[in-house]
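Please look at the sequence and the structure first.

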Number of protein chains: 2
Amino acid sequence: MNQDSILRSLVADNLVSDPAGARGRLLHEAAKLFRDKGYERTTVRDLAAAVGIQSGSLFHHFRTKEEILKAVMVETIRLNTALMQAAVDAASTHREKLQALIRAELESINGQTGEAMAVLVFEWRSLSEESQVYVLELRDIYEQLWLDVLETLRQDGVLAADPFVVRRMLTGALSWTVTWYRPDGGLTLDDLTAQVVAMMGLTSL
Amino acid sequence: MNQDSILRSLVADNLVSDPAGARGRLLHEAAKLFRDKGYERTTVRDLAAAVGIQSGSLFHHFRTKEEILKAVMVETIRLNTALMQAAVDAASTHREKLQALIRAELESINGQTGEAMAVLVFEWRSLSEESQVYVLELRDIYEQLWLDVLETLRQDGVLAADPFVVRRMLTGALSWTVTWYRPDGGLTLDDLTAQVVAMMGLTSL
DNA sequence: TTACAAACCAAGCGCTTGCTTGGTATTGTC
DNA sequence: GACAATACCAAGCAAGCGCTTGGTTTGTAA
């Protein structure tokens, strides 16, 4: 299962919009705008212009502006949960599984889905409370993947800290890369992954 | 130099507003509102109401709404730079200096200045570009403190990763605590500091 | 060709926003 | 007690916002 086939499978199940379709294109542009300007500063006119339609026409596809934000977040989580699951499954040892997770999350944050991931981190408060509840449930599945792997490492005696705390620290550390990491800065994602592993004192893979 | 005397000294030098004064109170309330609702969602009417005046009266103290955001950020950085400097100076060994920095930053993020620190992290994009440049300069001083300490640890052979990358990872990890850490959750800030140190494999202090 | 729904446009409504204005209390100073 | 500076209020303006409306085009299938 490579990344493309995972995406296609999700599209087929209607869990993620086809990036080539009208809805998918809008969500992609919306993610870009939301990341660059913030949700509040992005107007429905901006969103409409980005896909070449009138602002009013947006409301044919989405009932409210917030529904667009929610869709961006929901689809991003769905895609990334699937990608993470695949990354874990592909790795064999516990340490490799962690490394695979770190690498995959860095990829999510700084690669194709980067805009949407940044939105997930920084535009959380712009979601209505009920949407937050829904998105949070999806996120729990995603988080459990991490916690399971970290727990095994703890039992192996490789990790000294609490898995729960470690995961939250890693969430922050990895999310934050979106604010400073640039692929063309002489540091590849593999390098970055290695740095994180080194920082945790787990270099001896 | 305890925290209170540091604050008083900054107030005396007019680098930070007196928390008891009109301006200081407004900035404190603004930080709270900006954190809770976001800068864009907070109206000048909200800000005025929080200190019991009319919205128009705000513009007697600040020329624009954005100037309020900028002031919150600038004063927070000034205060925290001084606090960090004191924390480093008070510690003796290299490891203790790092631990002191971590502890101090956790305190900043989750203690008294927590609202303002959260604003600094999450409302960055709402600053005008020229304000960003100014705030960034202040931040560099602050960051240099960290880099110096991390570099010594690297030379000691205790830290395997690049100080620059480590600092950025720590920035993310520590900032992120604002989204999940609650002092009443059975985990003290000392515990949390210990967890971070443990996560970095530096437990043997 | 006809029928019908999905996709879209042009216009604008009602409301909220940041900020301005002209004037009135309050405070500090000699 | 005079006088200015400071702090504030009450009212509202211009612009921009999310979203609605009524009508037109486009795509699809019999």
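In this predicted model, a polar side-chain atom of A:Arg45 lies 3.0 Å from a base oxygen of DNA strand D. The backbone of chain A also takes part in contacts with DNA strand D: a polar backbone atom of A:Thr42 is 3.4 Å from a phosphate oxygen, and a backbone N or O atom of A:Lys65 lies 2.7 Å from a phosphate oxygen. There are 16 residues around DNA strand D, and those that come nearest are A:Thr43, A:Lys65, B:Gln54, B:Ser57 and B:His61. Of the atoms of DNA strand D that come within 4 Å of the protein, 64% are accounted for by sugar and phosphate. The surface near DNA strand D receives at least two residues each from helix 3 (44-51) of chain A and helix 4 (58-61) of chain B, and its residues divide into three nonpolar, 10 polar and three charged.

Sugar or phosphate holds 63% of the atoms of DNA strand C within 4 Å of the protein, while the rest belong to bases. Here helix 4 (58-61) of chain A and helix 3 (44-51) of chain B each supply at least two residues of the surface, and the residues of that surface near DNA strand C comprise three nonpolar, 10 polar and three charged.

| Protein residue and atom | DNA atom | Distance |
|---|---|---|
| A:Thr42, polar backbone atom | DNA strand D, phosphate oxygen | 3.4 Å |
| A:Arg45, polar side-chain atom | DNA strand D, base oxygen | 3.0 Å |
| A:Lys65, backbone N or O atom | DNA strand D, phosphate oxygen | 2.7 Å |
| A:His60, polar side-chain atom | DNA strand C, phosphate oxygen | 2.9 Å |
| B:Val44, polar backbone atom | DNA strand C, phosphate oxygen | 3.0 Å |
| B:Ser55, polar side-chain atom | DNA strand C, base nitrogen | 3.4 Å |

The next topic is the contact between the protein chains. The size of an interface is often given as the accessible area lost when the parts come together. Between chain B and chain A the buried area is about 3,000 Å², and carbon and sulfur atoms give 68% of that area. Of the area that chain B buries against chain A, 26% comes from B:Arg125, B:Met169 and B:Met199, which is more than any other three residues supply. Counted by residues, the contact takes 35 from chain B and 33 from chain A.

The contact between chain B and chain A also includes 10 residue pairs in polar contact, both residues being at pLDDT 80 or more. On the side of chain B that touches chain A, at least two residues are supplied by each of helix 2 (22-37), helix 7 (114-122), helix 9 (163-180) and helix 10 (189-199) of chain B. Helix 9 of chain B gives the most to this side, with 10 residues, and the residues of the side as a whole divide into 18 nonpolar, seven polar and 10 charged.

Side chains of opposite charge can pair when their charged atoms come close. Four salt bridges are counted between chain B and chain A, including the one that B:Arg125 forms with A:Glu123, where the closest N and O atoms are 2.6 Å apart. Over all chains, a search of the whole structure finds 22 salt bridges.

Within chain B, the side chains of B:Glu107 and B:Arg103 meet in a salt bridge with an N to O distance of 2.7 Å. These two residues are separated by about one helical turn, because they lie four residues apart in helix 6 (residues 94-110) of chain B. B:Glu107 is partly exposed at a relative accessible area of 28%, and B:Arg103 counts as partly exposed at 25% relative accessibility. B:Arg103 also forms a salt bridge with B:Asp190, with the closest N and O atoms 2.3 Å apart. This second pair links distant parts of the chain, since B:Arg103 in helix 6 of chain B and B:Asp190 in helix 10 of chain B are 87 residues apart. B:Asp190, at 49% relative accessibility, counts as partly exposed.

In chain A, a network of salt bridges links A:Arg103, A:Glu107 and A:Asp190. The side chains of A:Arg35 and A:Asp36 likewise meet in a salt bridge, at 3.2 Å from N to O; A:Arg35 is partly exposed at 31% relative accessibility, and A:Asp36 is partly exposed with a relative accessible area of 46%.

Technical notes
Residues numbered from 1 in each chain as written. Chains lettered and ligands numbered in written order. Predicted model: local features only at pLDDT ≥ 70, side-chain atom pairs only at ≥ 80, totals over all residues. Heavy atoms only, no water. Contact = heavy atoms within 4.5 Å. Buried area = accessible area lost by both parts, 1.4 Å probe. Polar contact = N/O pair within 3.5 Å; in protein donor to acceptor, adjacent residues only side chain to side chain. Nonpolar A, V, L, I, M, F, W, Y, C, P; charged D, E, K, R; others polar. Near = heavy atom within 4 Å. Buried < 20%, exposed > 50% of the residue type's maximum accessible area, 1.4 Å probe, protein only.
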